[in-house]
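Let's take a friendly walk through a protein model, one region at a time.

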Amino acid sequence: MKWNLRLTAANRGIWKASELQRMLAERDVVISAGKMSGLWSGQPNTVKLDELDVICAVLGCGVEELLLPEPERVPEPVPATDSQATAVGQPRAVAPRPRTGRSLPPR
């Protein structure tokens, strides 16, 4: 997904992150300067759904304007090898667990 906040805001006449930050604060969503920088630059670490709701309300847009799908960036599935391929319902080897109540250390 591509984060498209800056262009969406610009289409509505909002040119500065501080202006959007102030508008969000008016709706009781206080965003730190660091997080606002990430949202504005297009590289947010996280976006909470309630924050996304308020951003959409402030900008008068839908989620589809802020989040643009990029299906070409999704990696192709890796074909399973014969040792990995097990049909649903077919038996597979299961290693018994020791009865000590403790798991085995990693190999």
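At roughly what angle do the axes of α2 and α4 cross? The model you are looking at is a predicted one, and in it these two axes cross at roughly 110 degrees and come within 10 Å. Angles of 65 to 115 degrees count as roughly perpendicular, and α2 and α4 are therefore roughly perpendicular to each other. In general, two packed helices are described by the angle between their axes and the distance between the axes.

Now look at which residues make this contact. From α2 come Leu-20, Met-23 and Leu-24, while α4 brings Val-54, Ile-55, Val-58 and Leu-59. By type, the residues of this contact are seven nonpolar, no polar and no charged.

Helix α4 covers residues 49–59, and its buried residues are Glu-51, Leu-52, Val-54, Ile-55, Cys-56, Val-58 and Leu-59. What covers them? The cover over the buried residues of α4 includes β1, α1, α2, α3, α5 and β2. Just after the helix, Gly-60 has a positive phi of about 65 degrees.

Setting aside residues up to four places away in sequence, Glu-51 touches Val-29 and Lys-35.

Cys-56 is also found in α4. With a relative accessible area of 9%, Cys-56 is buried. Leaving out neighbours within four places in sequence, Cys-56 is in contact with Cys-61, Gly-62, Val-63 and Leu-66.

Is Thr-8 buried or exposed? This residue of helix α1 has a relative accessible area of 2%, so Thr-8 is buried. Apart from residues up to four places away in sequence, Thr-8 touches Leu-59, Cys-61, Glu-65 and Leu-66.

Follow that list to Glu-65, which lies in helix α5. Glu-65 has a relative accessible area of 28% and is therefore partly exposed. Beyond its neighbours within four places in sequence, Glu-65 is in contact with Asn-4, Thr-8 and Arg-12. Glu-65 and Asn-4 are 61 residues apart in sequence, and their C-alpha atoms are 6.9 Å apart in space.

| Residue | Relative accessible area | Class |
|---|---|---|
| Thr-8 | 2% | buried |
| Cys-56 | 9% | buried |
| Glu-65 | 28% | partly exposed |
| Asp-28 | 72% | exposed |

**A loop residue with a positive phi**

Where does Asp-28 lie? Asp-28 is in the loop between α2 and α3. At 72% relative accessibility, Asp-28 is exposed, since the class begins over 50%. Most residues other than glycine have a negative phi. Asp-28 is not a glycine, yet its phi is positive, about 65 degrees.

Moving on to α3, its buried residues are Met-36, Gly-38, Leu-39 and Trp-40. These buried residues pack against β1, α1 and α2. Just after α3 comes Gly-42, with a positive phi of about 95 degrees.

Rolling a probe the size of a water molecule over the atoms shows where empty space is left. How much space lies in the largest pocket? The value is about 170 Å³. The largest pocket is lined by 14 residues, and the closest to its centre are Lys-2, Trp-3, Asn-4, Gly-42 and Gln-43. The elements giving two or more residues to this lining are β1, α1 and α3, and α3 provides the largest share, three residues. Sorted by type, the lining of the largest pocket has six nonpolar, four polar and four charged residues.

Note on methods
Residues numbered from 1 in each chain as written. Predicted model: local features only at pLDDT ≥ 70, side-chain atom pairs only at ≥ 80, totals over all residues. Heavy atoms only, no water. 1 Å grid on protein atoms, 1.4 Å probe; cavity = no way out; pocket = protein on both sides within 12 Å on 5 of 7 lines; lining within 4 Å. Points joined across faces, edges and corners; volume = space filled by probe spheres on them. Helix = DSSP H or I, 4+ residues; strand = E, 2+ residues; numbered from the N terminus. Nonpolar A, V, L, I, M, F, W, Y, C, P; charged D, E, K, R; others polar. Buried < 20%, exposed > 50% of the residue type's maximum accessible area, 1.4 Å probe, protein only. Contact = heavy atoms within 4.5 Å. Axes fitted to C-alpha atoms, helices over the stretch in contact; angles between N-to-C directions. Parallel < 35°, antiparallel > 145°, perpendicular 65-115°, else oblique.
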